[in-house]
Amino acid sequence: MVSVLPGIQSAETIAAFMEEGIVRAPAPLVPGQIQPASLDLRLGAKAYRVRASFLPGRERSVRERLQGLALHEIDLTRGAVLETGCVYIAEILEGLALPGAVSAAANPKSSTGRLDVFTRVIADRAREFDMIDAGYEGVLFAEISPRTFPVLVRTGSRLSQLRFRVGASRLDDVELKAVHARERVVTTAEPSIQGGVAVSVDLSGFGDGLVGYRAKRHTGLVDVDRVGVYPVREFWEPLHADGAGALVLDPGQFYILASKEAVHVPPDYAAEMVPFDPLVGEFRVHYAGFFDPGFGHAGAGGAGARAVLEVRSRDVPFILEDGQIVGRLVYERMATRPRVLYGAEAGSNYQAQGLKLSKHFRMEA
């Protein structure tokens, strides 16, 4: 059996997990499915429209819960449209037979979060979303709920990603301060580091004063597997600096903004954005939280990469101001450094990014 070291497991170990049956799938992996510190999960053959989100609990499997909650079975082999405001449970092709020392955690892919598609992974007998206990053996499912755009998905579509972890790998504040002093994890000289490094929002304007985008309502659908085909103007309203450095978030609206700081994830670390902190305001930021080793790393062509922020206000209008802290990045040790870092060589779409929509959209001249 492959030997594993403490920390987040790299692409090479994930590939070994596939060879040894720790990760199981009925079809071979596709190019780019293994990222530097994560594995993309593919949708399976069936999905189910359900009445409500759920967790199976310690005594039941997901399929047992579906018997009482499923409203309709959907064939994904020919493609299917998932409507906004509905909740779906989809089979995932990859299953797991984790060793006793290895746990896993899931997160939406960056492109999924930037489409405002809320998705979480569910394991049998789970009491938490996106968390798979060490030693778990069984199938996985994805809960999918499009919030803004209806989406077209099919068997093989990749909405979520999985990280494998051995032991406690998260840096405490003292360790993170030392890494920042050595590696400069954000461009702020003396950032706030308390339960992670603070990330703030840039509302000053990028070049022409653009500060972000607000999603339009009642648009056409987005095929999650098509890249660079949808005109931005049909789906997004550009937002420009107002001179006061502020933006009012309307309840129920979805925004794409960017961090003021450039973010750096050194090759020996992985990072994750804390998605929501009630201490900073009534909004949720960054649905898709994984940052792979090499994100923003100059040696991987990523110097100056911003964190793109997927923002949704909660129940009341909320005023964001330029430079306001909107989230925190937590860093974890890699068990081993991946051979290929996040960037163009790893098939990554968002290295050296500024303010950037998901890969599905194209700017028009």
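## Overall picture

Four helices and 29 strands make up the secondary structure of this protein. Its radius of gyration is 20 Å, close to the 21 Å that the globule rule gives for 365 residues, so the protein is as compact as a globular protein of that length. Please keep in mind as you read that this is a predicted model. Along the principal axes, the C-alpha trace spans about 55 × 45 × 40 Å.

Of the 365 residues, 56% are buried. The protein exposes about 15,100 Å², and carbon and sulfur atoms supply 50% of that area. Among contacts with a separation of 6 or more, 81% are between residues 24 or more positions apart.

## The annotated N-terminal domain

An unreviewed UniProt entry carries the annotation "domain: 2'-deoxycytidine 5'-triphosphate deaminase N-terminal", which covers residues 7–167. In the model, the chain over residues 7–167 is 14% helix and 46% strand. The end C-alpha atoms of this stretch are 6 Å apart.

Let's turn to the sheets. E2 runs antiparallel to strand E8 (residues 95–97), and two bridges join them. In one of the pairings, Arg24 has Gly95 of E8 as its bridge partner.

A second open sheet also has three strands, in the order E6-E14-E18, but here the pairing is mixed. The edge positions belong to strand E6 (80–82) and strand E18 (222–223); each has a single partner strand, so one side of each is left without a neighbour in the sheet. E14 and E18 are paired in the parallel sense over two bridges, and Val151 has Val222 in E18 as its bridge partner. As background, strands of a sheet pair through backbone hydrogen bonds, either parallel or antiparallel.

## Strand E10, buried throughout

Which residues of strand E10 point one way, and which the other? Val117, Thr119, Val121 and Ala123 point one way, while Phe118, Arg120 and Ile122 point the other way, and all are buried.

E10 pairs with strand E13 (residues 140–146) in the antiparallel sense over seven bridges. Val117 of this pairing has Pro146 in E13 as its bridge partner.

## Strand E26 and its two partners

Strand E26 (residues 306–313) has seven of its eight residues buried, so it is largely enclosed by the rest of the structure. Strand E22 (residues 254–262) pairs with E26 in the antiparallel sense over six bridges. Strand E24 (residues 283–285) also runs antiparallel to E26, joined to it by three bridges.

Ser157 sits in the loop between strand E14 (151–153) and strand E15 (158–166).

The side chain of Ser157 makes a polar contact with the side chain of Asp225, at 2.8 Å. Leaving aside residues up to four places away in sequence, Ser157 touches Leu41, Arg42, Leu43, Val224 and Asp225.

## Two residues with positive phi

Most residues other than glycine have a negative phi. Asp116 is a residue other than glycine with a positive phi, near 60°. Asp116 lies in the loop between helix H3 (110–114) and E10, and its relative accessible area is 0%, so Asp116 is buried.

Arg184 is not a glycine either, and has a positive phi of about 60°. Arg184 is placed in the loop between helix H4 (173–183) and strand E16 (197–200). Its relative accessibility is 42%, so Arg184 counts as partly exposed, whereas Asp116 is buried.

How values were computed
Residues are numbered from 1 along each chain as its sequence is written. This is a predicted model: local features need pLDDT of at least 70, side-chain atom pairs count only at pLDDT 80 or more; totals for chains, interfaces and linings use all residues. Side-chain values use heavy atoms; hydrogens and water are left out. UniProt positions are given in the numbering used here, feature names are shortened, and annotations may be inferred rather than shown by experiment. Two strands pair if DSSP finds at least two bridges between them. Buried means under 20% relative accessible area, exposed over 50%, partly exposed in between (1.4 Å probe, protein chains only). A polar contact is a pair of N or O atoms within 3.5 Å; within protein, one must be able to donate a hydrogen and the other to accept it, and residues adjacent in sequence count only if both atoms are side-chain atoms. Contact means heavy atoms within 4.5 Å. The radius of gyration is taken over C-alpha atoms; the globule rule is 2.2 Å times the number of residues to the power 0.38. Accessible areas come from the Shrake-Rupley method with a 1.4 Å probe; for residues, only the protein chains shown count as cover.
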